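Please look at the sequence and the structure below, and then read the briefing that follows them, which begins with a term and goes on to the places where that term applies.

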There are 2 protein chains.
Amino acid sequence: MSENSEKRVLRLGIAGLGTVGVGVVQQLHENRDAIYARAGCAIEVAAVSARDPGRNRGVDLSGIRWFADARSLATASGIDIVVELIGGAEGVARELVEAALSHGRDVITANKALLATHGARLARCAHDNGAALLFEASVAGGIPAIKFVREGLAADRLLRVGGILNGTCNYILTTMRDTGRDFADVLAEAQALGYAEADPTTDVDGWDAAHKLAILAALAFGRPVAFDEMHVEGIRGVQACDQHFAREMGYRIKLLGMARQLEDGRIEAFMRPCLIAQQTALAHVEGVFNAVVTEGTFSGPMMIEGRGAGAGPTASAVIADVIDLARGKALPVWGVSPQSPATCAPRALLSGAYYLRVNVHDRPGVVAEIAAALRDAGVSMRGLSQHDAGRATDSTVPLALVTHETTEASMMQVMTAINGLASVIGTPLLLKIETV
Amino acid sequence: MSENSEKRVLRLGIAGLGTVGVGVVQQLHENRDAIYARAGCAIEVAAVSARDPGRNRGVDLSGIRWFADARSLATASGIDIVVELIGGAEGVARELVEAALSHGRDVITANKALLATHGARLARCAHDNGAALLFEASVAGGIPAIKFVREGLAADRLLRVGGILNGTCNYILTTMRDTGRDFADVLAEAQALGYAEADPTTDVDGWDAAHKLAILAALAFGRPVAFDEMHVEGIRGVQACDQHFAREMGYRIKLLGMARQLEDGRIEAFMRPCLIAQQTALAHVEGVFNAVVTEGTFSGPMMIEGRGAGAGPTASAVIADVIDLARGKALPVWGVSPQSPATCAPRALLSGAYYLRVNVHDRPGVVAEIAAALRDAGVSMRGLSQHDAGRATDSTVPLALVTHETTEASMMQVMTAINGLASVIGTPLLLKIETV
């Protein structure tokens, strides 16, 4: 408790002045007194780095040193903490973070791609040089998800961690359900509203969410996860009729990630659209909101929900990390001493109940063909639905079924068989039914 | 980062060996390796104090020093942290905590009554003696609610904090709704199942939840709240018919606490049964689950949900505090330097929409009398419902109405007027409709 540190100042070097970087400068200014009281010392922006020094960003940057090359912040004098808000798993962001940690300088970053891809190496580098690496802003914006898993549940053995981790996808899926509109249509609207990027790949194909899941899993299980082995699937295949079927069956469709530690030390991890029972709290995480769920041996199931993105929440998370450092807290990157990455179990090993939707030619014998494909794979059907509400054209009709508990391997076999049927049009959609 | 502290040992003195105390001993044993990795040092139970040293508690206490008087733990040698699990706002618990802090010894407690009642004094005592006082287990069991508000949202200015904070009440209300049974009936069952105490007063009259709200409010606003000024109301008045009306109107009934900081520095705080719109995530916090909600200027609305009680989750929270201390973290009690308590605004100043249910004699003119009472208080009605489903006897019938936005002062005037009507039987129920 060093309350008598009136004159202590913590000097930040901020790399990247996009909306989050500007948000950090703004909040440090607007909440100055409250932050001072919480941190026990003053926080000052000593240096910044961004492409265009002349651009008006709506904040006063006078008196702050400017660096054309962000990498200079790693070693420049008069900086206590490097705040990396450039983004990207490679290039300048990675070079800056590695150089700063190697220099023994504390780093705060919002860079999920960097941590998901190079987390093991960075943890080792931070450890070897006695530097702290904090990244609350990398997962779920203003939700203190990192702190929740790494510190809040530190005493417990976590069985699983996951959640709804991409606001763009959740917004699109929620809007599709509420309006009955198609994916492409809602995506275009989300882009117009600024909820989706011009190039939506990172979001709608699940990569952004998968990066976040990799970070949460590393914290939950105390070691990084081999990211390139994770099963990642986006939401492009979800059609208006799927929303209809899901509602009828008592579910909601969410892009959901889940990671479990298996007995053999491997991690079972996926990010994919799933069906969630609509009476659960997780099913009511709607629109741009995110949620993180955990299950611990002692603490049981838990969920934390809030706005997963946006300059305000994300900048707030960056400053929470600054306050932690000011208070003298420096945990190992993954909560424990550095470990080698954990291997992911192959997708085929997953098990559970599944939802399968196929668009078929509306003619006799089609259901029999699909039922045969399930039978041949040893999959037992729990229910089947077909009706005109989801009818695409006069001659084709969507058909949805849910299975009893089975394996992903069996469902992959079913998918192969169904894809080969002449009566099937387009790509069938397979969704895991996840119990949360 | 002091990873090279292989030989460091942190020695606990545990006062109180009820289910939580035993849970702490058990989890420290079962999760020894994981906790060692997280804490960066060994955690050892050096001493305990409980009434009956001979009782078999299912854990091995051999080699652990026994103190007949818990207060001895405050100054006994060989103890680094006092863990107070006795409970109660006065008596031994209070004396032990004050003595330990005065002695400069760090204290971890699960004692919500003590913190809610004497928080200001304890914060001052901890500060003056350079001791830490941690209390994660005092609110919402295994949910890291304290850390969430005090550290996770440290950078933000919180506008409000609250939630569903008593599992017993939430279980009773959920079961009443699902089964249509009466309060007394469900309470008796909850007692038989061990979800409610033999003397349920602390839970069902709202005191337990109010203590937790007081602690959350103190953390959110950086200063303790004058607990005896808080508006506290339990759930005994909720009848089966209220659950029926609430569902019909699109709401669920929850014992909900909410605290807001007013412009003048006063705190508006209540713990009372409320109606919550059923499409919200908070309305889906069911059974014994708890939830904490916050709203921050930058972070927006947030919710954290999980099991709010039980030996496992609560012990887990105690150990998370131990790990924090092991990692060298010691924040001021309320997140900032000690402040004097904040005054609560009087109940009459609250505003919002309300639900009012009256049991009346089924005869002409009754609705007109009640409508007149609302009119005289300047309250505008949004809807009215009366039907036989909730009929108590042949001659009496429940009548429920919801109002437009009004003030609590006006509703108190309505209640007084209605209580004076000859056609009204028993006590009418007034519930706030809370937007969450």
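A salt bridge is here a side-chain nitrogen of Lys or Arg within 4 Å of a carboxyl oxygen of Asp or Glu. By this rule, two salt bridges are found across the interface of chain A and chain B. This is a predicted model, in which local features need pLDDT of at least 70 and side-chain atom pairs count only at pLDDT 80 or more, whereas totals for chains, interfaces and linings use all residues. Residues are numbered from 1 along each chain as its sequence is written, chains are lettered from A and ligands numbered from 1 in the order in which they are written, and side-chain values use heavy atoms, with hydrogens and water left out.

**The interface between the chains**

- Where contact means heavy atoms within 4.5 Å, 57 residues of chain A are in contact with 57 residues of chain B.
- The size of an interface is often given as the accessible area lost when the parts come together.
- Buried area is the accessible area (1.4 Å probe) that two parts lose on being put together, summed over both, and between chain A and chain B it is about 4,900 Å², with carbon and sulfur atoms giving 60% of it.
- K147(A) and E151(B) form a salt bridge in which the closest N and O atoms are 2.7 Å apart.
- A polar contact is a pair of N or O atoms within 3.5 Å, where within protein one must be able to donate a hydrogen and the other to accept it, and residues adjacent in sequence count only if both atoms are side-chain atoms; nine residue pairs, both residues at pLDDT 80 or more, are in polar contact across this interface.
- Helices (H or I, at least four residues) and strands (E, at least two) are DSSP runs, numbered from the N terminus, and the elements of chain A that give two or more residues to the side touching chain B are α1 (19-30), α2 (32-39), α5 (145-152), α9 (207-221), β12 (300-307) and α11 (311-326).
- The largest share of that side of chain A, eight residues, comes from β12(A).

**Pairing across the interface**

- Two strands pair if DSSP finds at least two bridges between them, and β12(A) pairs with strand β12 (residues 300-307) of chain B in the antiparallel sense over five bridges.
- Within this pairing, M302(A) has G306(B), in β12(B), as its bridge partner.

**How the two copies are related**

- Copies are superposed by least squares on the C-alpha atoms of residues with pLDDT of at least 70 in both, and a rotation of 180° with 0.0 Å of shift along its axis superposes chain A on chain B (RMSD 0.0 Å).
- The two copies are therefore related as by a two-fold rotation axis.
- In chain A, the C-alpha nearest the axis belongs to I304(A), which lies 2.0 Å from it.
- The same surface serves both copies, since 100% of the contact residues of chain A recur in chain B.

**The open sheet in each chain**

- In chain A, an open sheet of six strands has the order β3-β2-β1-β4-β5-β6, with parallel pairing.
- Its edge strands, each pairing on one side only, are β3 (65-66) and β6 (133-134) of chain A.
- Strand β2 (residues 42-49) of chain A pairs with β3(A) in the parallel sense over two bridges, and V48(A) stands opposite W66(A) in β3(A).
- In chain B, six strands form an open sheet in the order β3-β2-β1-β4-β5-β6, and the pairing is parallel.
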